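Try each task before you read its solution.

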2 protein chains.
Amino acid sequence: MLAQFNLRVISSILGVLMAMNAGFMLLCIPVSIIYSESSWISFLYSGLATSFLGALLWYFGRSKKDNTLKKKDGYFIVSLGWVLMSFCGSFPYLISGAIPNLTNAFFETISGYSTTGATILTDIEALDKGILFWRSLTQWIGGMGIIVLTVAILPILGIGGMQLFVAEAPGITPDKMQPRIKETAKRLWFIYLGLTLLETLLLFIGGMDFYDAINHSLTTMATGGFSTKNDSIAHFQSPFIQYVIIFFMFLAGTSFTLNYFLVKRNFKKVWQNEEFRYYISFVFLFTITISGVLFFRNYSSNIEESFRDSLFQVVSVVTTTGYITKDYTSFGAFIAAVFFMLMFIGGSAGSTAGGVKIVRHIVLLKNSFLELKRQLHPSAIIPVRFNGHAVKREITFKVLAFMIIYLAIFATGTVVVSALGVDFISSLGATATCLGNIGPGIGSVGPVDNFFHLPQAAKWFLSFIMLLGRLELFTVLILFAPSFWEKA
Amino acid sequence: MLAQFNLRVISSILGVLMAMNAGFMLLCIPVSIIYSESSWISFLYSGLATSFLGALLWYFGRSKKDNTLKKKDGYFIVSLGWVLMSFCGSFPYLISGAIPNLTNAFFETISGYSTTGATILTDIEALDKGILFWRSLTQWIGGMGIIVLTVAILPILGIGGMQLFVAEAPGITPDKMQPRIKETAKRLWFIYLGLTLLETLLLFIGGMDFYDAINHSLTTMATGGFSTKNDSIAHFQSPFIQYVIIFFMFLAGTSFTLNYFLVKRNFKKVWQNEEFRYYISFVFLFTITISGVLFFRNYSSNIEESFRDSLFQVVSVVTTTGYITKDYTSFGAFIAAVFFMLMFIGGSAGSTAGGVKIVRHIVLLKNSFLELKRQLHPSAIIPVRFNGHAVKREITFKVLAFMIIYLAIFATGTVVVSALGVDFISSLGATATCLGNIGPGIGSVGPVDNFFHLPQAAKWFLSFIMLLGRLELFTVLILFAPSFWEKA
């Protein structure tokens with residue numbers, strides 16, 4: 001059963017991942033030392049333990065006999081990699097005693113690597129600065145992982161219509177990717193790093209201290225949403241800081257291929273991208289609607305504030321970041337309902353954002369209208385058009401199936417969470433926000449609350465849901481299919 | 001624009017429908033007279049007004065030049081017919097003063113004809129017996145309409161996978177239906193009538209008075225759920241009566257073609273039907289789960305009662321009837337979550353039940369698992385199998401698209417209802433229950449509540465949602481498509 005997998009190569013790749021993870025842990029030592037915190041020792045121990053595990057894995061896989069990987073190996077590496085990273089990533093929390101409980105530590109860590117941002121911390125500011133830096137870093141590492149996943153792995157696996165994105169990305173062709181994959185990944189990582197540094201600089205100029213600036217930049221670019229402050233971005237009342245964060249959240253929710261074109265000043269290429277146009281329109285439409293409500297119902301003191309509050313929260317939820325400047329559940333049923341539905345949108349494909357993704361919604365939306373037309377002309381072939389080309393019926397089919405499975409997991413997840421002792425509305429909110437990798441939900445896990453009070457079993461289950469959502473469902477689900485384990 | 005439709009034939013058919021409707025109204029006169037109620041006069045006026053309208057429509061369409069109807073005419077007749085029936089059907093409420101407000105009267109009437117069962121009445125028992133009989137009758141008429149719709153119209157229109165049901169129904173073939181359509185419809189109506197009379201008899205034997213027995217039989221067989229009692233079937237504590245109602249709700253949620261085979265004692269044919277097997281399994285599975293919870297958490301006093309309460313509520317929601325013996329929202333978050341999700345199941349295709357329908361869920365469920373298999377074998381053609389045959393990819397596609405549109409309407413509807421001033425959870429509940437033609441929802445429109453307190457605009461909007469759900473979405477939506485109005 002296991003013989004069909006290239007376990008040696010899988011093991012050595014996981015070993016390299018663990019070594020990288022250990023490296024990032026050691027990076028936190030200077031932070032702790034600068035702030036004279038005792039937590040530096042826990043990073044040393046964690047780094048050593050993770051390195052040791054990595055070395056073991058690498059040693060097991062050291063043979064160079066057969067380096068070829070099959071598709072099935074890919075699913076294995078990605079899912080197992082994310083779980084192992086999260087397992088080791090919780091060492092600093094556990095060893096330092098910042099989060100002494102294993103369930104909570106694992107939840108917080110996978111919430112980091114999956115760039116979700118749901119937290120079990122009740123008093124974030126009470127933690128060491130070194131530990132909070134590690135917490136922000138897990139999201140940034142997760143974001144890096146997602147970029148390489150989208151560039152290198154998803155195109156081969158071809159999950160639920162991601163082909164549509166691939167077709168538009170330069171240097172990524174599903175068939176012959178190997179030669180250019182490293183180059184493309186490097187290029188996009190460079191942009192990821194560059195934007196992170198640029199945001200840090202701008203936040204610092206805006207008056208944030210350097211530590212907060214770097215932390216928030218790390219979690220913005222990953223669309224993660226962990227903050228070093230208990231009341232998230234509401235802590236920073238400067239409009240400049242809030243607009244900077246909005247701008248970078250928006251970029252992080254944009255395909256990194258487009259960000260590359262932006263850097264290259266190829267604006268025409270960006271504007272020609274249909275997903276980008278829909279993305280901007282969605283954000284614009286919802287912001288205008290919500291600011292209208294906030295302003296006319298006097299929830300905000302002036303037009304600029306209602307616009308900024310709306311824009312911030314809309315961009316935060318659509319890009320699945322999850323930062324908060326205002327509690328959107330406190331503005332009446334309509335605003336709450338809109339934000340709940342926005343949780344099912346998700347950012348652009350090829351960004352660090354989670355969720356369903358805008359490209360899929362475009363296909364779903366267009367197809368729904370075309371179904372009416374097809375009803376009237378049953379023999380005509382009427383394909384969905386995207387970026388000026390007809391989308392293969394096969395791909396539209398896969399997008400439809402993806403959305404159905406996404407919603408089925410949401411529905412089943414809600415029932416499971418409620419069975420574990422959570423009230424109905426919080427079960428809806430927790431499942432939607434974890435599956436969409438957003439962070440805050442509705443009910444008792446709303447924007448001003450946290451996940452601490454949930455039952456242990458619910459935390460483990462929601463950890464699994466975050467993983468499912470982050471890895472486009474199929475990468476994880478397929479491991480549970482009997483045919484996966486049959487010899488090909 | 002209108003010239004492409006055969007307006008004369010459309011008009012004459014609507015005229016005949018109005019005449020039938022008037023006939024049913026006159027049928028209520030003896031009921032009022034028996035109980036010495038003054039409302040008999042309102043039925044006379046309503047009947048006369050409706051006949052007059054019918055005569056006008058018939059007169060306008062009397063020419064016999066061209067009797068052919070095109071597909072587009074079919075959509076027109078069905079949607080307009082249901083709205084016109086509901087418009088005239090509200091006359092008795094308005095004229096008698098039982099429901100003096102037009103919004104409320106229209107809501108109650110379309111809730112009847114769409115076999116939903118959502119009510120704006122706060123004290124049902126205060127109404128005249130004649131009026132309540134008319135209320136039950138609207139559902140029974142709606143059920144008759146649905147049977148003829150499924151037999152005669154939907155197969156031609158071929159909406160969202162209904163072909164799957166048609167393929168299994170004898171005497172219904174999409175191509176050459178005309179010769180046998182009248183015969184099939186008559187046969188199924190006869191079974192509908194027969195089962196209604198049989199249930200009346202059994203309820204009467206069980207101790208219900210004759211008036212209540214006939215009313216509840218009318219609304220059971222239509223899977224409507226209007227009751228003559230304020231606390232629905234909870235009023236009748238006799239287990240015999242409750243089991244009789246469960247049995248007939250279950251039959252009403254079964255395809256009437258299968259009911260025909262049952263009457264013919266062709267049990268093999270019934271059991272061979274895959275939708276029927278899933279239907280029974282769904283009901284069984286949920287009943288066992290829920291009775292376990294009710295029993296072990298001491299919500300019911302003994303095993304039989306927890307079984308009966310669970311079975312009753314599960315069958316009531318799955319068949320979209322909406323009768324109540326226990327408030328399922330009072331048994332904790334898990335039970336509430338399960339019932340909320342059950343609202344999205346729906347009965348069998350070809351029954352009087354509304355909702356998504358079990359046949360579609362079978363296709364969706366199987367296809368979701370097959371997608372994992374297809375992921376591993378991208379070049380293999382792996383079709384969904386139903387009733388032993390491979391389902392055409394085209395039909396699976398239509399089922400997926402139907403479900404997406406259904407859920408998109410649910411999501412948008414929830415936002416609209418909340419924008420009209422209803423709290424979030426009640427907006428979810430009201431939209432789900434009206435779209436699924438069930439009756440009671442969750443929140444402030446839960447099983448022991450009613451729709452009276454909703455804002456006027458929400459009532460009109462939900463009336464539209466009931467119509468959408470009842471007519472398999474497309475029949476109504478297509479009227480809003482620009483291509484519908486273009487000359488073919």
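**Exercise 1.** Does A:Phe424 count as buried, partly exposed or exposed, and at what relative accessibility?

*Solution.* Start with the cut-offs: buried means under 20% relative accessible area, exposed means over 50%, and partly exposed is in between (1.4 Å probe, protein chains only). A:Phe424 has 8% relative accessibility, so A:Phe424 counts as buried.

Some ground rules follow. This is a predicted model, in which local features need pLDDT of at least 70 and side-chain atom pairs count only at pLDDT 80 or more, while totals for chains, interfaces and linings use all residues. Residues are numbered from 1 along each chain as its sequence is written, chains are lettered from A and ligands numbered from 1 in the order in which they are written, and side-chain values use heavy atoms, with hydrogens and water left out.

**Exercise 2.** Find how the rings of A:Phe424 and B:Phe340 are arranged.

*Solution.* Step one: know the rule. Rings of Phe, Tyr and Trp (its six-membered ring) pair if their centres lie within 6.5 Å; planes under 30 degrees apart are stacked, over 60 edge-to-face, and the rest tilted. Step two: search. The whole structure holds 67 aromatic pairs over all chains. Step three: classify. The centres of A:Phe424 and B:Phe340 are 5.5 Å apart and the planes meet at 65 degrees, so this pair is edge-to-face. Helices here are DSSP runs (H or I, at least four residues), numbered from the N terminus. B:Phe340 is buried, at 4% relative accessibility.

**Exercise 3.** Describe the pair formed by B:Phe464 and B:Phe480.

*Solution.* The centres are 6.0 Å apart and the planes are at 85 degrees, which is edge-to-face. B:Phe464 lies in helix 19 (residues 456-470) of chain B, and B:Phe480 in the loop between helix 20 (474-477) and helix 21 (482-485), so the pair ties together parts 16 residues apart in sequence. B:Phe464 is partly exposed at 31% relative accessibility. B:Phe480 is exposed, at 57%.

**Exercise 4.** Examine helix 10 of chain A: how many of its residues are buried, and what caps its N-terminal end?

*Solution.* Begin with length. Helix 10 (residues 210-221) has twelve residues and spans 17 Å from first C-alpha to last, close to the expected 16 Å. The expected span is 1.5 Å times one less than the number of residues. Next, burial. Eleven of the twelve residues are buried, so helix 10 is largely enclosed by the rest of the structure. Among them are A:Tyr211, A:His216 and A:Met221. Now the ends. A:Asp209 caps the N-terminal end, with a side-chain oxygen 3.0 Å from the backbone nitrogen of A:Tyr211. After the helix comes A:Thr223, with a positive phi near 45 degrees.

**Exercise 5.** How much area do chain B and chain A bury between them?

*Solution.* Buried area is the accessible area (1.4 Å probe) that two parts lose on being put together, summed over both. The two chains bury about 4400 Å², 75% of it on carbon and sulfur atoms. On the chain B side, B:Gln375, B:Phe397 and B:Phe424 lose the most area to chain A, together 17% of what that side buries. The contact (heavy atoms within 4.5 Å) takes 50 residues from chain B and 50 residues from chain A.

Note on methods. Helix = DSSP H or I, 4+ residues; strand = E, 2+ residues; numbered from the N terminus. Polar contact = N/O pair within 3.5 Å; in protein donor to acceptor, adjacent residues only side chain to side chain.
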